[in-house]
Amino acid sequence: MVPLSPFIIHHSSLNFVNFPFFIARRVAAAGSRSFARLIIYIAIAAVALSISVMIIATALISGFKSEISSKMFGFWGHIHIVSAAGNTTLEPKPISLNVPFYRSLDSIRTLAYETPEGKTMVTHGGVKHVQAYITKPGIITVRRNKDDDSKKNFEGVILKGVGKDYDWTFLNEHLVEGRKILNSTDSALSRDILISQTTADRLLLKNGDKFIVHFIQENQEKKRVFQVCGLYKTGLEEYDRKFAIVDMAQLQDLMGWGRDSVSGFEVVVDDLRDLDAVNEYIHKEVVPSDMYATTVRDEQPAIFQWLDLQDVNEQIIIGLMLLVSIINMATTLLILILERSNMIGALKALGATNWSVQKIFLFYGAIIVGAGLLAGNVLGVGLSWLQQRFHFIKLSEADYYLSVAPIQLSFWNIAALNLGVFAVTLVFLCLPSFLVTTITPVKTLRFK
């Protein structure tokens, strides 16, 4: 006698391919009427919470790294070209503005380079801008009482001299008050100085005030009077506390240099991903042997190493949230299998294989994970957007270099997180699904 069960399972409307998914959908639809409803809701909530925390953590860390890096590079550029004879930015050796690469470096658009693995790659861009600069340390003195020299405030400072080629985009965005400095003319040196809000608060200075800066040049003390033309605040406490911006001609005159002598050049690249490749090309192919090129990342390793540590935090958060999702889904699947033991026994009695029944519950788990991912994406992206729009999470700028928690949402990062969580969770759900193989029709029918 031909058994009936194969006919039922392999019917054209319920063929072997879609039969497990059909049953999984019916079970999921009936889940609202079963006692496992609360367990399913908890599982969906756990997956939603996990993916939302991953999205927020990834967006927050990406935004944090991007904002800090942009401030660092905005203040100093991406690559520095300096004299090999002077190994410090405080007392550098002069470089002539007449070097050939100064006028031609920004014509570089793309470069072909070879990776350490021997693969030939092409940069995403080239050199965006080149600008000259000079640095010189000094001490600011502000007298509070004209009749009492003891009533003076002192503050160490590094003056950064810039010329007409300087790109003011970054500092204009962080200008709190006043204006940028005016460059010297042929007849007079500019006395303008742009100081940070931090320096102004410490020395009780305001826009328009004058003060003296003392320098040591060739073992002699020299003085210059400057007038505050504006205040800036980048949030980089280390830079805000140390640096002030002046006209390059003032420092050239102070150091006895000609108008064609500078400390070095700042190079800005089009794409940060090309930083190392462009720097290596400039160092090996462009600058002469008495100069060298180095990235700001190499000059300031402490800050960038600290930023790289945030990747470890991100990986830990993602790993923990993924573990929460897996444990909750595995527990939920075990409960669902036990709850549906009678159905499993009946399906096996009708000829269903262990694997086809396992697929029913894997599809069931996929439906639950999918619902959790959908809810979690709405929650995670929604909260990230609210922070991006209203800045309700504040930070201590002195400690974190930022006044608000930054957010940088990336479609590809979110897509990768969703696919990763979905795939890894389903792979781990294969383990509890093996409980199906221990359930036999005899035991379930006898229990019923």
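Modeller: A residue is called buried when its relative accessible area is under 20%, exposed when over 50%, and partly exposed in between (1.4 Å probe, protein chains only). This is a predicted model, in which local features need pLDDT of at least 70 and side-chain atom pairs count only at pLDDT 80 or more, while totals for chains, interfaces and linings use all residues. Residues are numbered from 1 along each chain as its sequence is written, and side-chain values use heavy atoms, with hydrogens and water left out.

Biologist: What makes strand β13 mostly covered?

Modeller: Six of the six residues of β13 (residues 264-269) are buried. On one side these are G264, E266 and V268, and on the other F265, V267 and V269. Strands (E, at least two residues) and helices (H or I, at least four) are DSSP runs, numbered from the N terminus.

Biologist: Why is L383 called partly exposed?

Modeller: L383 has a relative accessible area of 35%. Because this value lies between 20% and 50%, the residue is partly exposed. L383 belongs to helix α13 (residues 354-390).

Biologist: Which residues is L383 in contact with, leaving aside its neighbours within four places in sequence?

Modeller: They are I56 and F392, where contact means heavy atoms within 4.5 Å.
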